[in-house]
Amino acid sequence: MLKMDSHIHTEYSPDSNSKIDDILKVAERKNIDIIAISDHNTVDGTSEVIKKTRNTDILAIPSIEISSTKGHILGFGCEENIPRDLSPQDTIERIHDLGGLAIIPHPYCFYRHGLLCKSDYKDLKIDAIETKNARFIVGYCNHKAKNLSKKENIPELGASDAHYFKFVGDCFSLIDCEKDIDSVLKAIRKNKTEAHGKGTSNILLSKYLFEKNILKKFD
């Protein structure tokens, strides 16, 4: 089983300032085998991390977090940008056309554009959902996603959703695959994943947000 964090943000996302080099250092320290830079509506971070991990022990999977009209969707395995503000159905179709997987991050978290707050999963060709997203307050949304995964046999994933490099790996997946992109995608499709980890400390998250949004104004 390999350890994977499939949802990490970098400075290419408007709400993060994490450098890829810092992310890679934390991933290496936490023995993460596979990472995906899933920035908001751009694959620029993906392109950079793939170059930087080419001769390392870490496998980088192309990815992008797309803002559909009803919530966020990860285009996991996608190396090209997909337009934002399409319907969820059209967004998922574009992902599949590119050979990627449509993964729903924080599916029931309404204040973070959780797709299943406004869409019925039965109307969508979902490939997997996050059942352990590290950025939660009480855990209800993760619990609800876990129940859906079990009920409908939808592959589950754990992910840090880290917008600050120190939070990389707080939640993660154990995945039964070889260390190559095709094997990772096939393992998710075949439901060979387990979601693990803990929530990011709300104290540390609040400290980071204070420093990023308040103190930065006085620099």
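Close-up 1. D161 counts as buried, at 1% relative accessibility; buried means under 20% relative accessible area, exposed over 50% and partly exposed in between, with a 1.4 Å probe and protein chains only. The model is predicted, so local features need pLDDT of at least 70 and side-chain atom pairs count only at pLDDT 80 or more, while totals for chains, interfaces and linings use all residues. Residues are numbered from 1 along each chain as its sequence is written, and side-chain values use heavy atoms, with hydrogens and water left out. D161 forms a salt bridge with R112, and the closest N and O atoms are 2.2 Å apart. A salt bridge is a side-chain nitrogen of Lys or Arg within 4 Å of a carboxyl oxygen of Asp or Glu. The pair links distant parts of the chain, 49 residues apart: R112 is in the loop between β6 (101-104) and β7 (128-133), and D161 is in the loop between β8 (156-159) and β9 (171-175). Helices (H or I, at least four residues) and strands (E, at least two) are DSSP runs, numbered from the N terminus. R112 also counts as buried, at 11% relative accessibility.

**Close-up 2. The salt bridge of K146 and E156.** The side chains of K146 and E156 meet in a salt bridge of 2.7 Å, N to O. This pair links distant parts of the chain, with K146 in helix α4 (residues 140-152) and E156 in strand β8, 10 residues apart. E156 is buried, with a relative accessible area of 9%, whereas K146 is partly exposed at 27% relative accessibility.

**Close-up 3. The salt bridge of K198 and D170.** In the pair formed by K198 and D170, the closest N and O atoms are 3.7 Å apart. K198 counts as exposed at 53% relative accessibility, and D170 as buried at 8%.

**Close-up 4. A salt-bridge network.** A search of the whole structure finds nine salt bridges.

**Close-up 5. A nonpolar surface patch.** F110, Y111, I137, V138 and Y140 make a nonpolar surface patch of about 660 Å². Patches are made of residues with over 30% relative accessible area and no salt bridge; like charges are joined within 9 Å, and nonpolar side chains (Val, Leu, Ile, Met, Phe, Trp, Tyr) within 5 Å. Accessible areas come from the Shrake-Rupley method with a 1.4 Å probe, and for residues only the protein chains shown count as cover. Y140 is found in helix α4 and counts as exposed, at 52% relative accessibility.
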